[in-house]
Amino acid sequence: MIKPIKTEEQYEEALERVYHLLQTEPQPQTEKGDELELLVTLIESYEAIYYPMSASDPVAYLKNKMAQNGLKQIDLIPFIGDKAMVSKVLNKKRELTLSMIKRLSKGLNIPATRLIGH
């Protein structure tokens, strides 16, 4: 049974469960897929309170989303460009362009506003 995350211990347990679910590659609209979606939502809510990130750091936000979704740099190639460009963006040697932001937002279901630096 999924419950709200109220302690650091519950947070760690939820992260472990997400990791386990990602290893099984659950499909959307299945029991495991729904569980994964709910856990990620609860984790994001907990992190927003206890681990707030600066809204002005789109790369930190992107890296956090990658970690939550079990994504690797190679998974960003369709949205950012080749392997070298992904590396430059994640190492803050190159800023996200508007077209990259649009593709990331649509492809990874990320609010575009979180990818625009202030």
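1. Helix axes here are lines fitted to C-alpha atoms over the stretch in contact, and angles between them run from 0 to 180 degrees between N-to-C directions. The model is a predicted one. In it, helix α1 (residues 8-23) and α2 have axes that come within 10 Å and cross at roughly 145 degrees. The crossing of α1 past α2 is left-handed.

2. On the α1 side, this contact is made by E8, Y11, A14, L15, R17, V18, L21 and L22. From α2 come K32, E35, L36, L39, V40, I43, Y46 and E47. Sorted by class, the contact of α1 with α2 holds 11 nonpolar and five charged residues, with no polar ones.

3. E35, a residue of helix α2, deserves a separate remark. Its side chain makes a polar contact with the side chain of R17, at 2.8 Å. Not counting residues up to four places away in sequence, E35 touches I2, R17 and L21.

4. Helix α2 (residues 31-50) also packs with helix α3 (residues 58-69): their axes come within 11 Å and cross at roughly 145 degrees. This crossing is right-handed. V40, I43, E44 and E47 of α2 make the contact with N64, K65 and Q68 of α3. By class, the residues in the contact of α2 with α3 are two nonpolar, two polar and three charged.

5. L62 is in contact with L76, I80, L90, L104, L108, I110 and L115, leaving aside its neighbours within four places in sequence. In soluble globular proteins, nonpolar side chains tend to be buried together.

6. Q73 lies in the loop between α3 and α4 (77-80). From C-alpha to C-alpha, Q73 and K83 are 7.5 Å apart in space, and they are 10 residues apart in sequence.

Technical notes: Residues numbered from 1 in each chain as written. Predicted model: local features only at pLDDT ≥ 70, side-chain atom pairs only at ≥ 80, totals over all residues. Heavy atoms only, no water. Helix = DSSP H or I, 4+ residues; strand = E, 2+ residues; numbered from the N terminus. Left-handed = near helix turned anticlockwise from the far one by under 90°. Contact = heavy atoms within 4.5 Å. Nonpolar A, V, L, I, M, F, W, Y, C, P; charged D, E, K, R; others polar. Polar contact = N/O pair within 3.5 Å; in protein donor to acceptor, adjacent residues only side chain to side chain.
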